[in-house]
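Here is a short note for you to read with the model open. I have kept it to a few places worth a look.

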Amino acid sequence: MEKVLTRYIQPDGVPLDARAYERAGGYESVRKALRMAPKDVTETVKQSNLRGRGGAGFPTGMKWSFVPTGPNAPRPKYLCANADEMEPGTFKDRLLLESAPHQLIEGMILAAYAIAADVAYIFIRGEYILAIERLQKALAEAYEAGYLGKNIQGSAFSLEMYVHASGGRYMCGEETGLLNALEGKRANPRTKPPFPQVSGLFGKPTIVQNVETLSNLPHIINNGPEWFKKLSKSEDSGTKLYGVSGKVKQPGLWELPMGTTIRELLEEHAGGMREGLAFRGVLPGGASTDFLTAEHLDVKMDFGGVQKAGSRLGTGTMIVLDDRTCPVGMVRNLEHFFAQESCGWCTPCWSGLSWSEQLLTSIEEGRGKPDDLEKLEFICKFCAPGNTFCALAPGAVEPLQSALKYFREDFGRHIQAQHCPWR
Amino acid sequence: MLSAEERHEIEEELKRYPSKRAVSIDAMKIVQRRRGWVSDEALRDIAELLEISADDLDSVATFYNLIFRKPVGRHVIMVCDSVSCWIMGYDRVREHLTKRLGINMGETTPDGRFTLLPIVCLGTCDHAPAMMVDQQLHRDLDAEKIDKILEQCS
């Protein structure tokens with residue numbers, strides 16, 4: 001398979017410096033794009049059908065087309081790279097940040113050029129120390145080589161780019177929470193509309209894109225939308241960084257064609273379950289996605305395929321549940337995370353998620369009551385889309401509602417025996 | 001009072017944003033990098049520099065996991081307690097650390113050497129369980145590995 005996102009990544013993971021990156025073909029797309037009209041860059045990305053790799057899967061080119069353009073558009077305009085990888089079980093952007101920082105910068109220059117952004121921020125987790133160091137170094141090199149700053153490569157286009165290391169909170173990964181965090185505030189979500197494309201960072205037009213999404217852009221500009229579509233095995237274009245964690249033989253991360261099946265990932269790439277363990281289920285795209293089970297192994301890991309099976313592609317990094325791990329304990333761990341990371345802005349989220357954690361804890365510790373399952377089901381409805389300010393709570397109850405569906409007997413056994421059968 | 005270096009570093013950050021309060025988090029991190037934590041006094045000094053109220057800044061400080069509003073030990077151990085690490089043995093890692101250090105999560109050893117904290121997913125799930133000690137990530141942890149890491153911290 002043709003390597004795209006991992007093309008520049010060396011076996012030792014040390015990133016290429018700007019010179020070596022250029023020699024390998026890096027920054028070529030910037031020169032090409034600067035000869036194009038910004039709207040043609042957007043059009044190329046639209047035609048490629050690139051969809052956001054952060055979890056929501058929104059079409060990238062379409063997102064850009066909402067940004068006001070022309071001489072009367074508000075300035076400055078902003079571009080933010082969402083490098084706040086905090087979805088439990090997700091470890092894909094770390095690779096791109098640590099090992100291909102110039103590819104991200106190149107993609108950001110293209111996105112900024114398309115929407116005529118003046119300033120770009122890379123919003124990165126404070127815990128990603130190595131990635132921050134390498135990004136800072138790459139940024140300095142990119143300025144030195146004339147890819148950032150005033151009049152990039154002799155053109156009329158100028159762009160400043162900075163790194164912001166986060167103070168740490170899951171809510172910062174939410175688009176409008178990220179903007180509040182960049183403004184030095186608590187990362188509460190904002191009401192939409194207005195959408196950030198119109199009124200975002202400091203009230204100006206702003207685009208927020210995931211690291212993997214941005215890292216695809218140089219290749220789309222270099223090779224064209226048709227080439228990008230053909231990389232995939234499905235309706236969704238391109239390749240995808242897929243990950244597997246949990247008790248499989250070889251947990252890991254692989255760049256594969258979009259639409260690779262769960263079975264192929266689990267059996268061929270992750271080497272199957274560890275000796276003596278059986279597969280019970282999987283969260284296909286990180287902590288905030290619904291469980292899938294053995295009947296879904298042939299589901300294609302693309303946006304439509306996983307949705308049809310009742311879950312979401314999310315970040316494409318799956319977490320495997322084995323038969324020696326308690327599903328109630330696993331869901332309790334997940335809800336603990338979501339309850340802790342809830343910003344507290346809206347009631348279903350702060351109240352519902354901490355309540356779910358309490359109920360799951362009492363069930364796991366042998367104090368569960370028969371009507372606890374109905375209460376948990378109520379919480380899932382209470383936190384559904386439309387009842388909350390942002391996607392945190394609806395995402396948080398996805399693993400809970402599907403665990404209640406697929407592992408209901410296990411919940412029942414806990415309550416009947418007043419004991420966790422796995423302990 | 002903020003030191004000249006702290007003030008200088010914060011002023012460098014201010015050049016990158018159109019508003020002063022935007023550097024709230026960066027400013028607290030700059031101070032914390034030198035002092036280990038953000039005291040009430042430091043909070044007031046930063047707030048004054050950024051022209052916001054200390055209470056307002058405190059509401060930001062207490063929102064973020066990586067800003068410490070209480071003193072910490074010379075080394076801060078942050079153990080990932082999220083789902084992949086939980087499946088792969090977080091409970092064993094926590095038990096080993098609390099036993100070895102004689103403290104619970106959220107506490108500091110009496111000699112001021114270590115503070116033990118839980119942290120959310122560190123994004124290294126294919127090498128779980130994991131933890132960070134100060135700026136360094138440690139992966140595929142077991143008791144032996146943890147003991148070696150602790151020994152290296154003076």
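Predicted model: local features only at pLDDT ≥ 70, side-chain atom pairs only at ≥ 80, totals over all residues.

1. Residues are numbered from 1 along each chain as its sequence is written, chains are lettered from A in written order, and side-chain values use heavy atoms, without hydrogens and water.

2. Start with the largest pocket, which holds about 1400 Å³ of space. Its lining counts 49 residues, and Gly55(A), Ala56(A), Gly173(A), Glu174(A) and Ala391(A) lie nearest its centre. Helix 16 (392-406) of chain A, strand 1 and strand 4 each give at least two lining residues; the largest share, four residues, is from helix 16. (A pocket is an open set of points on a 1 Å grid where a 1.4 Å probe fits, with protein on both sides within 12 Å along at least five of seven lines; lining residues have an atom within 4 Å of a point.)

3. Now follow strand 4 (residues 206-210) of chain A: five of its five residues are buried (under 20% relative accessible area, 1.4 Å probe, protein chains only). Strand 1 (residues 78-83) pairs with strand 4 in the parallel sense over five bridges (pairing needs at least two DSSP bridges). Opposite Val208(A) stands Cys80(A).

4. Finally, chain B is assigned domain 1 (4-61) and domain 2 (75-151), by an automatic or database assignment. Their C-alpha centres are 29 Å apart.

Note on methods. Buried < 20%, exposed > 50% of the residue type's maximum accessible area, 1.4 Å probe, protein only. Points joined across faces, edges and corners; volume = space filled by probe spheres on them.
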